[in-house]
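Hi,

Here is the model I promised to pass on.

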Amino acid sequence: MYEILFKQVLNSVTKMMVVDAPDIAKVCKPGQFVMIRVNETGERFPLTIADFDREKGTITIVFQEVGKSTLLLGSLEKGDKILDFVGPLGKPSPTDKKYGTVVAIGGGCGSAIVFPVARAFKEAGNHLITINGARSMDLLLYRDEMGRISDETYVTTDDGTCGTHGFVTNVLADLIAEGRQIDLVFAVGPVPMMKFVAKTTEAKKIPTLVSLNSIMVDGTGMCGACRVNVGGQMKFACVDGPEFDGHEVDFDELMGRLNAYREQEALSEKQWAEEQGGAT
Amino acid sequence: MAEKNGEAPKKKRKRPPPTKKVPMPEQDPLVRNKNFQEVALGYTAEQAVEEANKCLNCRDPKCISGCPVEVDIKTFVGLVREKKFMEAALAIKETNTLPAICGRVCPQETQCEAPCIYGIRNEPIAIGRLERFVSDYARAHGEPLPKLPRKIGKKIAVIGSGPAGLTCAGDLVKIGYDVTIFEAFHKPGGVLMYGIPEFRLPKDIVMSEVEYLEKLGVEIKYNYVVGKIRTVLDLMNEDGYAAVFLGTGAGAPNFMRIPGMNLVTVFSANEFLTRVNLMKAYEFPKYDTPVRIGDRVAVIGGGNVAMDAARTSLRLGAAEVNIVYRRSKNELPARAEEVHHAEEEGVNFRLLTNPTEVIGNEKGEVIGMQCIKMELGEPDDSGRRRPIPIEGSEFIIDVDTVIVAIGNSPNPIIPQTTPGLEVSRWGTIVIDEESGMSSLPGVFAGGDIVTGAATVISAMGAGKRAARGIHKYLGGE
C-alpha cells in the first residue's frame, strides 16, 4: 500500500499527488513511469513520474481525469492509500548528455511530465527552450516552473487566452524558420500534437524524441499491448521506450490502437458516474 | 475365422478385460463453455479409494521416477487406500510444494502415469486425480503445518513467484533458510495466476497454496521489479542475500513476422489471458479491466496456451473459434486432454494451415486472415515433421479477432541488468545442469528462463534442483 502524502487540484481536469514510495524514489530517473492499480477491482494503468524526492522517498504524479480509473484515483485524498504502485519502469530519458540547444515541448498534462526531463537537460548544460501549450489559459500547467528553469520560454493556447494564439508547433515552426540552431526536440502530449511536432522537425532532420502513451497492462514487457511500429520494427513502449524517435513512429497506428477499448471505457465511466450520483 | 490345419485353438488364460481409470465428473461441455468455473470436478472420497485400490503397490515403483519432483507416489496412494487422506497430503507435500496445482495441470500421461506397471495392460492408475483429491481434501479440512528445523540464519532471494520460484522457496524454507520472493506483479503464481485460466486452475487454489508457503515463513514482496528497483548484484552485495534464485520465466510474447500484427484486434495470448485471468476482465465492468472479443476468432498456435486462449474466447461469447496450426493433429504440442476438451466445447481445428497476413479495415480492426495450406516434409531438428507451404494455396478465413499463441521468449530485464550473467543466443540463462548455478557464483536459475517456454512441472523440478544446489553451495549436504 502506498500512501498519498499530498494532493493538489491543478485545474478543472488535472490533479497532482505526492506518493510515499521510497524504493522507487531512490532509483528512478526522468522519463520513467509507474503502473498503478488503485484498488482490488481496479485496472493497471501507466503514469509517467512527474517528479521525485530521493530524500523524502516520494514520487509525484500528475494526471488528467479522462475515465474511470483516473477519476477513481482523483477521488482519493491525502492519507488514502493506493493498492499497487510499480516502478520505475521503462528506459530513462537520455538527459545525461549535452546536445547544445534543446527544445522541450509539453502539451496539456504533458507539460507536467516534460518538466523533470527539461530540468535534467538544463542541468546537463544545454541551452533550454520550453514551449508550453494547452487548449486554454486555465489548462496551462507548470507555467512558472517552466519559466524558472528555461533559458527561453513560450506559452501557446489554442484559443489565444494566453501567450501565442495557436499550437506549440506554430512556435516551433517559427524558431526553425528563424534559422535557430536546435539540436534536440523533446515532446510530450496528446498523440496528434507529438505527430505534428515530428512533422515540423522532419524536413530539417532535427532529432526529435516523443514519449508514447500506449495502452499498457503489465508494463514489464510480457504482453505486447503497448506495441508500436517504430521504423518498421515492432517495439514495446514499456520496455523499449516509452521514448522513441518521432520521425520513425507510426502515429496513425498508435491512435487506432489507443481507441481499442473506447466502448468499454465509456461504459465503465458511465457506471462510475452513476455510483457517484447514487452516493450523494 | 476357421482355425488353420483343423487344430484346436490354444486355450487362453481367462483374464478380466482391461480397466479404465475411475472417471472424474466434469461439467457438461455445452454448459461449461459459457462459464469460468472449473471443468473437472474432482473425485469423491469413494472414487479416490476405488482408484487407489487398483494400485499394485510395486516393490520397485516406476511411477516415482516419472515425476519431476519425485513425489513418493506409492506411499501416498497407499494412504489413500487406508482412507488416511490428511497423511497422504502431508506425504506429498514433503517433496511437492504445489500438489493441488500439479494434480490439475501436469501432463501425467508423459510423466508419472507413463511408467505405471498397471498401465501396461490397463489405463494407468490416475495418480494426478488422486494427488488432486488429497490436496483438495487437506485444504478443505485445514491441513497442519509440518515441523520446521531451526533457522540457519542465511537469507536467500527468489526472483519471480511462478512455479519454479515457489518450489525453490518452499524447499529452502523447509531446510531452514530465510526466504524472500520478489514478484513484479501484484499477485503471486506467475503463469499459474495470469496464464492458466480459472476453468482449469481456480485462482483461490493458487492463492491458498501460496498462503501455505507464507505460513511456513516465506516472505513475498509484490510490485517489485528486480532489475529496476534493485539489481541481482545489489541484493547479494548490499542487501545481505547469500544466494539468489532466478525464476523469472519466459514471459515476452512472440509475434509472427507477417503484415497486420499491430492491428487493434490482434492480441498476444499473454495479453488476452492476463486481462481475463489476472485482471478478471470476464467480470467487466465489476472489474475495471476491459477485454475485447469478436464473433469469429482465430488463435494461432497449437500448444496449451493456444487451447486456453481458444476456450477462453468461447466463454467470453465468441460464436466461432478456430485453432490455426501449421502442422497436423499428431504434432499439436498441447496435452491430449486439453485438445479433447477444446473439441468437446466446440473449438474448430484448422490444421496444416499457416497465416500469411492479417487483414484490417480503416479502423485497424481485423476483417480476415490470409492463410496458406501446408504439407509435412522431413523431420526437423526438433524431430517433428517440418511444415512446408503448398504454393498457390492461399485462402482467406473470415475472422475479426486474432490471438497469437506461438510461444514466448525470456524477459530480458534481468540479463540486461546483471553484468557477468551468461546468456544463450535465445536469451536463456546458462546454468550448470546439476546444481542450477549460473555463470555468477551464488546466482542460480531454473524454469522457463533457462529452458525457454516449457511446462509447470519441469519448472518445479528445476526449482527443486536449484534449492538443493543452493544448500550445497552454502555448505549443506
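**What turned up**

Over all chains, the structure holds 46 salt bridges (a side-chain nitrogen of Lys or Arg within 4 Å of a carboxyl oxygen of Asp or Glu). One of them pairs D288(B) with K68(A), with the closest N and O atoms 2.8 Å apart. D288(B) sits in the loop between α11 (269–278) and β7 of chain B, while K68(A) is in helix α2 of chain A, so this pair joins two chains. (Helices are DSSP runs of H or I with at least four residues, strands are runs of E with at least two, and both are numbered from the N terminus.)

Before you read on: this is a predicted model, where local features need pLDDT of at least 70 and side-chain atom pairs count only at pLDDT 80 or more, while totals for chains, interfaces and linings use all residues. Residues are numbered from 1 along each chain as its sequence is written, chains are lettered from A and ligands numbered from 1 in the order in which they are written, and side-chain values use heavy atoms, leaving out hydrogens and water.

**Where A meets B**

How many residues does each chain bring to the contact? Chain A brings 44 and chain B brings 37, with contact meaning heavy atoms within 4.5 Å. The area buried between the two chains is about 3,500 Å², and carbon and sulfur atoms give 56% of that (buried area is the accessible area, with a 1.4 Å probe, that two parts lose on being put together, summed over both). On the chain A side, M222(A), R227(A) and Y261(A) lose the most area to chain B, together 19% of what that side buries.

The rule finds two salt bridges across this interface. E40(A) forms a salt bridge with K187(B), again with closest N and O atoms 2.8 Å apart. On the side of chain A that touches chain B, β8(A) gives the largest share, six residues. That side divides into 20 nonpolar, 13 polar and eleven charged residues (Ala, Val, Leu, Ile, Met, Phe, Trp, Tyr, Cys and Pro count as nonpolar, Asp, Glu, Lys and Arg as charged, and the others, Gly among them, as polar).

**The sheets**

Chain A has an open sheet of seven strands, ordered β12-β11-β10-β9-β13-β14-β17, with mixed pairing (two strands pair if DSSP finds at least two bridges between them). β12 (164–165) and β17 (243–245) of chain A are at the edges with a single partner strand each, so one side of each has no neighbour in the sheet. β10(A) and β11(A) run parallel over six bridges, and G133(A) has T156(A) as its bridge partner in β11(A). Helix α3 (residues 110–123) of chain A packs on the sheet, and its direction makes about 165° with that of β9(A) (axes are lines fitted to C-alpha atoms, for helices over the stretch in contact, with angles from 0 to 180 degrees between N-to-C directions).

In chain B, five strands form an open sheet in the order β6-β14-β7-β8-β9, with parallel pairing. Three bridges join β6(B) to β14(B), and F267(B) stands opposite I403(B) in β14(B).

Cheers
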